[in-house]
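Please read the numbered points beside the structure shown here.

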Amino acid sequence: MPTFSRRQHYLARKGALWTERSSFFTHWQELSRFYLPRSGRFILTDRNKGDKRFNNINDNAGTRALRILAAGLMAGMTSPARPWFRLATRDKLLMSYEPVKQWLDDVTELMRDIFNQSNTYRALHQQYEEIACFGTGADLLLEDFNDVIRHYPLTIGEYGLASNDREEVNTLVREFEMTVSQIVQRYVKPDSTKKSGSADWSNVSTTVKGLYENGRGLDTKVPLIHIIEPRSDRDVNKQDSKNMAFASCTFESGGSDDKLLNDSGYRRFPVLAARWHALGGDVYGTSCPGMEALGDVKQLQHGQLRKAQGIDYMVKPPVQAPSGTKSYEVDLLPGGLSVTNMAGPNSGLRTAFEVKLDLSGQLEDIRDVRERIRSTFYADLFLMIAMDDKNQPDTARAIAEKHEEKLLMLGPVLERLHNELLKQKIDITFDKMIEAGIVPPPPKEMHGQELNVEFVSMLAQAQRAIGTQSIDRYVSSLGVVAGIRADVLDKFDTDKWADKYADMLGIDPDLIVANDKVAIIREKRAEQQAAAAKMAAAAQMAETAKAASAAQTAQPSVLTDVMAGLTGYSGPG
């Protein structure tokens with residue numbers, strides 16, 4: 001049975017993934033031409049190229065709608081200016097315990113600081129654009145000595161993906177280039193077996209070594225292949241990099257079979273691969289706004305071109321001239337001159353043909369196409385959020401009430417992005433924080449507990465705020481019935497209502513008093529009320545005694561009868 005080297009195995013895997021994605025390739029190229037000509041890398045050497053690429057775009061309405069959607073997702077889901085997630089536990093009762101609540105808040109705040117200091121938000125914006133345009137976006141999230149984490153966003157065309165039996169992406173193969181100088185800086189290490197100053201060139205090809213030592217080829221680009229896949233031959237009892245759950249290998253495309261630039265691994269799959277929509281069994285995303293609006297975008301470019309041509313024909317039409325003017329020629333472009341053999345009174349210059357352009361109808365058709373494009377990219381939703389009530393920004397509940405239908409349409413996409421992109425990102429970051437030793441020690445109640453992620457962004461809150469409308473109707477109806485029969489309020493749990501309502505509106509947990517503190521507050525209040533009632537009763541008794549001592553007993557009255565009964569004497573008859 002023939003044996004294959006790991007490099008041969010990786011090359012075979014790359015070939016299989018490249019073949020699988022081939023049916024998407026031309027479609028991605030077309031999307032790139034009409035939306036993002038600078039995005040997408042369909043040729044390995046297509047890097048740092050300054051050539052013109054916007055010649056296919058006569059009307060940039062599609063690109064602007066895509067930018068609005070990406071910016072709207074950025075501001076609505078992962079805004080750097082406001083909290084968009086929080087850590088929690090699956091046990092809601094444990095969440096109400098003050099030490100646990102404080103530790104979760106501290107870790108959440110620390111993670112937000114890490115996101116702000118790293119390139120997280122720049123990478124997220126690019127990934128939102130890729131997902132909305134091409135249906136798929138990928139980002140490599142690795143540890144970083146300075147910022148704890150570092151994102152390396154990928155563009156469509158330079159990578160291939162594969163998924164496991166649960167339809168979760170677990171394999172990435174990418175092809176890229178590095179200069180000779182960069183390869184030596186990253187992959188050539190000092191040789192510990194030799195004297196100081198020597199380097200270990202065993203994993204680098206002789207070509208790269210020669211270019212580096214020559215000194216003239218430092219900026220020569222070398223094609224590399226990087227693959228991350230589940231490691232099937234690992235020893236689970238070992239914790240070194242070569243026995244982790246996922247293998248990570250980098251090698252030169254034209255190198256030797258026995259040489260790998262890097263052979264390491266990861267405990268968790270470090271790739272954030274998110275899709276706009278994926279059918280069962282599909283690896284790459286489909287039915288994204290860019291794909292759905294492509295026909296309208298192409299129609300818009302064609303309509304703008306024909307409109308411009310019609311205006312040119314009207315403003316500067318082609319003309320005819322007598323044959324004696326010039327040799328016979330025909331030029332039907334705007335302003336063109338066609339020489340004909342004409343005679344008679346109309347033998348002078350005249351237009352070759354009449355062009356009557358219905359400009360208003362053309363503009364109306366263009367507006368209709370633009371509106372379809374904007375609607376496909378949810379631009380109307382995000383722009384209405386930005387433009388409504390400019391003097392007073394909308395709350396999540398107000399947004400939900402105004403745009404409930406559009407939010408419901410966007411709901412499945414938000415759910416997929418939460419699971420495939422943001423939750424994975426938070427999980428990986430938490431692992432890197434633990435490895436860096438910057439997570440504060442948790443309280444003993446957290447031992448053995450599983451952490452959960454709750455999203456509290458504006459769009460996530462607006463989705464949940466839709467459910468508050470039914471609660472409002474219930475509470476309002478309960479108040480009406482309570483006017484007739486007050487004991488119906490016994491069915492209403494105010495504590496649970498306060499917690500549920502705050503959660504649906506995404507209220508900061510710091511503003512909500514924990515249950516154990518509430519119990520102490522209520523106990524103290526009850527003691528104070530009992531003491532006040534006791535003091536009031538004592539004061540009332542003292543007042544009664546004082547009034548009794550000051551009463552006149554000489555005149556016949558009920559009081560004199562009582563006094564007589566107590567003393568054994570009766571008053572005068």
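1. Cys249 is buried, its relative accessible area being 0%. This value, like every other in this note, comes from a predicted model. Cys133 is likewise buried, and its relative accessible area is also 0%.

2. The disulfide count for the model is zero. For Cys133, the nearest cysteine sulfur belongs to Cys288 and is 6.7 Å away. Because a disulfide requires two cysteine sulfur atoms within 2.5 Å, Cys133 is in no disulfide.

3. The largest nonpolar core comprises 87 residues. Those with the most contacts inside this core are Trp28, Tyr35, Leu73, Tyr128, Trp276 and Ile426. Helix H13, spanning residues 404-436, makes the greatest contribution to the core, supplying ten residues. Another core, of 13 residues, lies apart from the largest one; Met178, Val180, Val184 and Val204 are among its members.

4. Twelve aromatic pairs are present in the structure. One of them joins Trp28 and Tyr284 in an edge-to-face arrangement, with 5.3 Å from centre to centre and 75 degrees between the planes. This pair links distant parts of the chain: Trp28 belongs to helix H1 (residues 6-34), whereas Tyr284 lies in the loop between strand E11 (271-275) and helix H8 (289-292), and the two are 256 residues apart. Both Trp28 and Tyr284 are buried. Ring pairs also bring Phe24 into a cluster with Trp28 and Tyr284.

5. How are the rings of Trp201 and Tyr212 arranged as an aromatic pair? The pair is tilted, with 5.7 Å between the centres and 50 degrees between the planes. Trp201 lies in the loop between strand E7 (199-200) and helix H7 (206-214), while Tyr212 lies in helix H7, so the pair ties together parts that are eleven residues apart in sequence. The burial of the two partners should be noted separately. Trp201 has a relative accessible area of 18% and is buried, because the cut-off for burial is under 20%. Tyr212, with a relative accessible area of 34%, is partly exposed.

6. Two arginine contacts with aromatic rings also deserve mention. The charged end of Arg21 sits over the ring of Trp18, 4.0 Å from the ring centre. Arg174 lies over the face of Phe176, and here the distance to the ring centre is 4.2 Å.

Definitions and conventions: Residues are numbered from 1 along each chain as its sequence is written. This is a predicted model: local features need pLDDT of at least 70, side-chain atom pairs count only at pLDDT 80 or more; totals for chains, interfaces and linings use all residues. Side-chain values use heavy atoms; hydrogens and water are left out. A nonpolar core is a set of buried Ala, Val, Leu, Ile, Met, Phe, Trp, Tyr and Cys residues joined through side-chain atoms within 4.5 Å. Buried means under 20% relative accessible area, exposed over 50%, partly exposed in between (1.4 Å probe, protein chains only). Helices (H or I, at least four residues) and strands (E, at least two) are DSSP runs, numbered from the N terminus. Rings of Phe, Tyr and Trp (its six-membered ring) pair if their centres lie within 6.5 Å; planes under 30 degrees apart count as stacked, over 60 as edge-to-face and the rest as tilted. A charge sits over a ring if NZ of Lys or CZ of Arg is within 6 Å of the ring centre and within 35 degrees of the ring normal.
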